[in-house]
Amino acid sequence: MELIKSRFYKQSLSENYIPRRRLVELLNVRNHKGLTLISAPAGFGKTELLVEWTEQSLCRTAWLSLTQQESDLYQFARYLIGCLHVGLNLSLDKSSNLCTKSLKENFDLFFTTFINELEDYEQPFNLILDDFHLADSADVDHFINLLIEHLPSTVRLVLVTREDPKLQLGKLRISTSYREVRAVQLRFTYDEIACFFSQNVEGEIEDKLLSRIEEKTEGWIASMQLMALSLVGSKNISQDIYDFSGSNRFIIEYLVESVLQTLSQQHVDFLIKTTAFERFTPQLCDYALGTAGSADIIARFVANNLFLVPLDNKGEWFRYHHLFSEILTALDHSNIENGSEIHSRTAEWFESHGYFREAIEHAFKAGDEMATLSLINQHWPVLSFSETDELLLSWMNNINGDYLTQFPYLYALFGLNLLSIDLAKGQVYLERVQQLGENESNNSEAQTYLALVGLGNAYISAARGQFEQIIPSAEKALQVLSNAEQLNDSEIVWVGSAYALISTASWMNGDMKATIKSLKKAIGYMQTSNNTGAVWSTNYMLLQAYLDQGDIKKAQFYNSTMLEAVQSTIQQTAQNADKSSPQGGAEIFLTKALVDYETGELAKASEHLRYAMNLGVKSQLREAAHKYPILQAKLNYFSDSKDQVQEQLTRSEAIRIANPIPDTYSAEYWRARFALLDQDDAYLSVWSEDKGFSFDYQLTVVDEPSYVIWLHWLAVKGTLYQTSRRQLMSVLEPLILETKQQGRYRTYIEVVLIRALLQLNSGAKCDVTSIAGAMVMAQELGLKQTLKQFPALKSLLNQESITEQFTRPLLQYVRGTILGEEALRELNLQQAKKLMLSGKEIAVLKHLASDKTGPEICKALYVSLNTFRTHSKNIYSKLDVNSRMAAVKKATEMQILQ
């Protein structure tokens, strides 16, 4: 989202501004150092005072006008960095790089970097945060408290607020570097009141009237401005001043009504009618109000300081001051005619200028549901490329009437998008649209929305595990779309969606090779459509397929090709308030975290998981929400933080929604896997009984990983009768063949190990070749963390008759993965002892690894050349090598040498 640069510039002082010399002098007492708090209610001239002060200051100034948006720490930090860059030309590159949506997670590092970069700016400057009360959050308060505590000596921090911030004011007040300016100081003095009214009211005001004004207004500048407006055209100024009450709590309503009564009816109507606009231009006002001359009225309002705020430097877009707008909105508008018509015309204007979202929102306000639906129906295909599905769902859910027969295409889209929230409700809409389309089968438009129905039916079948119905429904959609002369971008997305859904049928059948082939075809269509969200979502499915398959290196490769583009798009979107980040971006980072986990880089996995989560729900796929707590549970388990594991798995189960991607590695699966690792026989016994597992169980691919855990448990227990061993072996053999053939490598490796352990426990000859082959496959695929989840492998590694047939690098890989690097080094030291290397021989070996010559080694060890040669000969013999280079290489492989 792009930063609004106008918020980095101070406003200009009006021609009738009353100088506040005494306050400027008060501010200059503590110039260039510490904190200044300017706290007073609205309308006390806080901002104008700061403008005057900075224009006279010898220091440079960084100015930031805050909004409620900056209650978010990330947005606050972004704008703070931005104002320093604009005001001081200070590029906080390191801080900018750390300022991400996961700022809360790395706040300490960010803050330290930010302060250090401020310290590097040696010139004194003022940092002014205007309307600080709008950035109302504990995170921002914490940031400011720390900033005050560590404020560089060159910085003068000024907070301008309507409310006291949550700072340690008691402690600050005893500091010599703290200054407060409050309403009591900001009030106009008698002389300032006299000066103000002499410039803003025709005729001379007597001293006693000025005293009365001072008494009634208590120096509140805004009330005097409103009073002056109310006195324009007054026939009895003295009486009107005496009648003015500044102590009444409804003063704002009274004053504004008084002001409105002094304006022409044209101007009153203009104010009240245009209050409905969040932003406006003179051209919009002319069109919406059906009049001319809005530019002149707006120019007059600007000249008279009538609470108008420019939104650009060109004077095209404006909004009303929030306070004034709220007052106008609170008035009784029942006597204002054509309110609905104004919104309708506003919608027309926004539509004609390409602001489709605002057009739709004003059509809603007009109360014309047919017109609203017509706009959504026409423009959503374009909006869908920049907005999230949630926006469409929110609009459609706010429609009260039933217009399905008039807008079947739109309701088909609505039903399709509903499936990821409420499968049953989405199906109802799709069935109604399908019935309508079948009755109008000769209609080309009917064919279009029937294609959406086909996609919806395929989605429903996949979500319910009815894989045999997925392909017919998806192919029906493809058949309809193939009849079109030329596909638009949205229809290309539908073709890609059809192939993505077809891939889930192969997925559920266990054919991962066919799954990946279909997904790559789907991605090709998505890329052609230029729909970023569709590209990301389909790539996420491909990455999940590789992870389910166990091909971590391919998942890593495809993920790396996506990450940079995704991050760039997310950053660009964050700088543009009119755009939403495409869905699926968070899942690309989630997949990065999963890859990190599989390769054993748990710290990196945690970092990328946090980043994915901090991108927020708008960037996340609803279908993937349950994956986040599962990964967190895995990270906690293998980081010895097991206390929250079960809670995280329960959360995953609670938020999971039915969706097409097979949930083979579910929260239930991980409960069982952790129980296997913890040797929790009681849990596994109850769990397997509840699942109904047996040797003749009707196995599905979705159940396969859980079923393999049960087989693994049986083999590890080692208490099977001979008959049970044969039955278990009869299950394992065909499973080994099938999983390897269909590319389910993760399962294949585990089943090979289970069979080997079963052979070992039964005294049969162990198929060492298959074990070594499975380990080679694990190494080539990049599986590391997964190997730690196989208790059978630990048992097999203790058998020298098995491991002696592994190549040295393979044995190092497997042992390093299972045992950890420290344990592996200890094991290799034990191996060195088995080789009977003496202490002197190890000392010689270390010198052989250096660039020293034989005589130089003799000198270093205080031995003769003959003794050195004897030690070297013994080393070569024990390591089974015949050269110095080979001895050093082998000793390094065994980690005897570090």
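User: Is cysteine 285 buried or exposed?

Analyst: Cysteine 285 counts as buried, at 0% relative accessibility, where buried means under 20% relative accessible area, exposed over 50% and partly exposed in between, with a 1.4 Å probe and protein chains only. This is a predicted model, in which local features need pLDDT of at least 70 and side-chain atom pairs count only at pLDDT 80 or more, while totals for chains, interfaces and linings use all residues. Residues are numbered from 1 along each chain as its sequence is written, and side-chain values use heavy atoms, with hydrogens and water left out.

User: What about cysteine 99, buried or exposed? And how many disulfides are there?

Analyst: Cysteine 99 is buried, with a relative accessible area of 10%. A search of the whole structure finds 0 disulfides, a disulfide being a pair of cysteine sulfur atoms within 2.5 Å.

User: Stepping back, how many helices and strands does the protein have?

Analyst: The protein has 47 helices and 7 strands; these are DSSP runs numbered from the N terminus, with helices (H or I) of at least four residues and strands (E) of at least two. Of its 898 residues, 52% count as buried.

User: Which part of helix 25 is buried?

Analyst: In helix 25 the buried residues are Ile470, Ser473, Ala474, Ala477, Leu478, Val480 and Leu481. Seen down the axis of helix 25, these buried residues fall within an arc of 160°, so they line one face of the helix; the arc is that of the directions from the helix axis to the C-beta atoms. On the other side of helix 25, Gln479 and Ser482 are exposed.

User: How far does that helix 25 reach from its first C-alpha to its last?

Analyst: Helix 25, made of the 13 residues 470-482, reaches 18 Å, close to the 18 Å expected at 1.5 Å a residue. The expected span is 1.5 Å times one less than the number of residues in the helix.

User: Switching topic, which residues is histidine 267 in contact with?

Analyst: Histidine 267, found in helix 14 (residues 265-274), is in contact with Ile297, Arg300 and Phe301, leaving aside its neighbours within four places in sequence. Contact means heavy atoms within 4.5 Å. Histidine 267 is buried, with a relative accessible area of 8%.

User: And which ones does serine 518 touch, leaving aside neighbours within four places in sequence?

Analyst: With those neighbours left aside, serine 518 is in contact with Tyr499, Ile502 and Ser503. Serine 518 belongs to helix 27 (residues 512-529), and it is buried, with a relative accessible area of 14%.

User: Which residue has a positive phi although it is not a glycine?

Analyst: Asparagine 89 is one, with a phi of about 55°, and its place is in the loop between helix 3 (73-88) and helix 4 (93-98). Glutamine 679 also has a positive phi of about 55° without being a glycine, and it lies in the loop between helix 34 (667-677) and helix 35 (681-691). Asparagine 89 counts as exposed at 58% relative accessibility, and glutamine 679 counts as exposed at 65%.
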